[in-house]
Each structure stands twice: as structure tokens, then as C-alpha cells.
Amino acid sequence: MSAIVLTGLAKLYGRTWAVRDMSMSAAAGSFVSLLGPSGCGKTTTLRMIGGFEEPDRGDIVIAGLRTNDIPPWKRGLGIVFQSYALFPFMTVFDNVAFGLRRQRKTEGLDARVGAVLDLVGLGALAARYPRQLSGGQQQRVALARALAIKPAVLLLDEPLSNLDTKLRAEMRMELKRIQRETGVTTILVTHDQEEALSLSDRIVIMNEGVVVASGTPRDLWQQPRYPFVAGFLGVDNLLPALVIDERHVRPTSGALLLALEPDAEARSGAQLIVGIRAADVLLRPRGGAIAGEPNWVSGVVRAVNYRGTLSVYMITTPLVDHPLIVSETADFTVGTELDLCLPPPCLLRLSADPSV
């Protein structure tokens, strides 16, 4: 059963469609992420679900009820904003109890607030004020407040974006745990690919107000199909190419052939995009190419970006007229001559359609 269904949802600002023909659903108890770059329409979609923006077209159905004309406070939603929006003059307990008191659900209030504070690990801090909490603790208070009312759907508007890298990684794990324990259907807005991949049962990728792809994290990662989706999910190299036969393509800016996994439907002369993740390229010192293995090319390191556990290299090759981006744990310096292997199973066949 779907806890939320959007059908043909659209929002117009002036002459610009912020969201166009948005359709999606979220199964009860699932975690769905709306992923995309800034301005793609994901936050506008979330605000329409929450009732803070009125759609110009389409329907919003929550728990089987069309909610287009229902005010936000009657939709049974829990919402965590990017800014947390805690009341600074209220204690942690009172912040979490606010929604229950507003809905006049005061019976068993102490027990309910205590339970959700324990759930988020803040049971001992109920008497503190927001100013006495860290950023991560404030985020947990906002989450506890949203969960206290036992919402039908939990809406999260980039709730982790204000946290530092280490704390953000910790809070992802906590958020996943809490969502699983409560079983609340959750819609997350994020532009962070790692966040969406690690948290979601399903990801909806948006661009320029429309849905360009949706699926499980594993399916979208392994078979992105479109260059925009591949690029947004971390495919660092996108090479326009022409199909030579079912096994080979030639990058349009280079003279070398690339061997791909066989595709019986490949048409000679057709255009496509070859996607190559930085981590999938194998590097060897010059002369280290393995005989008989396809897709070995020579290259020279032009730039190095050291990142601790690995380095990201820009490497010029005869394959294309621009550098390839490659990540590797081995340490090479600028000017190092290398052999590069692009294993056929790691090369993605992507549509050359410029509209996606």
C-alpha cells in the first residue's frame, strides 16, 4: 500500500515551471529520497506535500486521502526543516511536546515525549535549551518533535546539511536506525548523492522540475542509463562515442577503439555516451600493461588532488582530447607516465539523448 501518491503535480512561479508533471509514490514504511541539484524542484515538491505551497495542477494523496485542500496542520505530517526551527525559549522537552500540545493530545504526554527522546538518544537532556546543545543534538530534537505526533509521513528538508562531515555520517546511521525502528514513511530532500544512496529504499532523481529517473539505489548506481543521472551519481568521465559494432565504440574526440561488454542491439554508427567511474580505471607505471587485456592506453599525470585515503588524478591520454579523472590509492606525481586500463565490464553504455 502506498502511503503517499503524487499524480501530475506541477507548480508555476511567474513564467517558470518549478515542478512539471511530477508523479511518484512511496510505499508505507519506505524511505524515499528526492535527489537533484539546486533549483531542480525537489524542495518545492516537498513543500507542496506539506501544504506550504499550493500546486497549480495535480493531486496529493496521503494515506488514501486527497489533501490538496487540507491545511498543513491537518495532514498528519512530521516535518524537519534544514534550519531545525527550534523554539529557543523552550526546553528540549517542551520543543518536542509542542506538536502534541497544539493537537491537544496531552494524555500520556510525558511518556510519549520521554520515549521519543530516548529513541534519539537525548533522554538525559530534556531540561536543556537549544543554545546548550550541539548542532547534532539540535537536529535530533527537531527529529524527535516531528516523530512525537506519530505522523503518517515524515518530511525531511536537507536536515543534515548544516552538520560537519563526521557528524553528518554519524547522523545518517542514526536516521536510518530511527526510521527502521519507527516504520514511518519518510520523504527526504537532498542534493547529497551519498546520503541518498545510503539511506533510501528508493531514489527519485529530478532535474529542471521533472523526474528523470527513479529506482532502488543499487539499480540507479549500476545501470544509470542517462548521462545526467550517471554524472549526478558520481560517474566522473562521460565520453561521447560512435558505435562500431556490438563490442566496440570509438570516442568522437579520439582515434582509439574501446571494447565494451557485447550488446546485440548496438547499431553501427549510432551515438552513445560511455560512462567511466574514476575508481574503475586501473593504473600501472609505464610498461605495466597486461598483454591480451583490452582498453590499455598510455597517459601522463597532469594534476593531483590528494584526499588522504586516495588521490584523484587528471590524466591526459590519446583516447580523448580532455583529461580523464582517475582515483587511486597509489601515489603518483605530476608528469608520471602511466598505462591505464578501462575494463569493459566497468564501462557504462548511456543514452546520447541531450534531453536527459
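1. In this predicted model, the largest nonpolar core has 37 residues, and the members that touch the most others are Val96, Val113, Leu117, Leu143, Leu154 and Leu156. At least two residues of this core come from each of α2 (92–102), α3 (109–119), α4 (135–148), β7 (153–157) and α5 (165–182). The greatest contribution is that of α4, which provides seven residues.

2. Beyond its neighbours within four places in sequence, Leu143 is in contact with Val80, Val120, Leu154, Leu156, Leu175 and Ile178. Another core, of 25 residues, lies apart from the one described above; Leu272, Leu283, Val320 and Leu342 are among its members. As a general matter, nonpolar side chains in soluble globular proteins tend to be buried together.

3. The salt bridges number 15. One of them links Arg66 to Asp59, with the closest N and O atoms 2.7 Å apart. Both partners are partly exposed: Arg66 has a relative accessibility of 43%, and Asp59 has a relative accessible area of 31%.

4. A salt bridge also joins Glu174 to Arg140, and here the closest N and O atoms are 3.8 Å apart. Because Glu174 belongs to helix α5 and Arg140 to helix α4, the pair ties together parts that are 34 residues apart in sequence. Glu174 is partly exposed, at 21% relative accessible area.

5. Glu337 and Arg286 form a further salt bridge, at 3.6 Å from N to O. Glu337 is in strand β19 (residues 337–341), whereas Arg286 is in the loop between β15 (282–285) and β16 (296–306), so this pair connects parts that are 51 residues apart in sequence. Glu337 is partly exposed at 45%, as is Arg286 at 40% relative accessibility.

6. Strand β12 takes part in two hairpins. Strand β11 (residues 237–243) runs antiparallel to β12 and is joined to it by three bridges, with four residues between the two strands of this hairpin. Within this pairing, Ala241 is opposite Pro251. Strand β13 (residues 258–259) is likewise antiparallel to β12, through two bridges, and six residues separate the strands of that hairpin. Ala259 in β13 is the bridge partner of His248.

Technical notes
Residues are numbered from 1 along each chain as its sequence is written. This is a predicted model: local features need pLDDT of at least 70, side-chain atom pairs count only at pLDDT 80 or more; totals for chains, interfaces and linings use all residues. Side-chain values use heavy atoms; hydrogens and water are left out. Two strands pair if DSSP finds at least two bridges between them. A nonpolar core is a set of buried Ala, Val, Leu, Ile, Met, Phe, Trp, Tyr and Cys residues joined through side-chain atoms within 4.5 Å. Buried means under 20% relative accessible area, exposed over 50%, partly exposed in between (1.4 Å probe, protein chains only). Contact means heavy atoms within 4.5 Å. A salt bridge is a side-chain nitrogen of Lys or Arg within 4 Å of a carboxyl oxygen of Asp or Glu.
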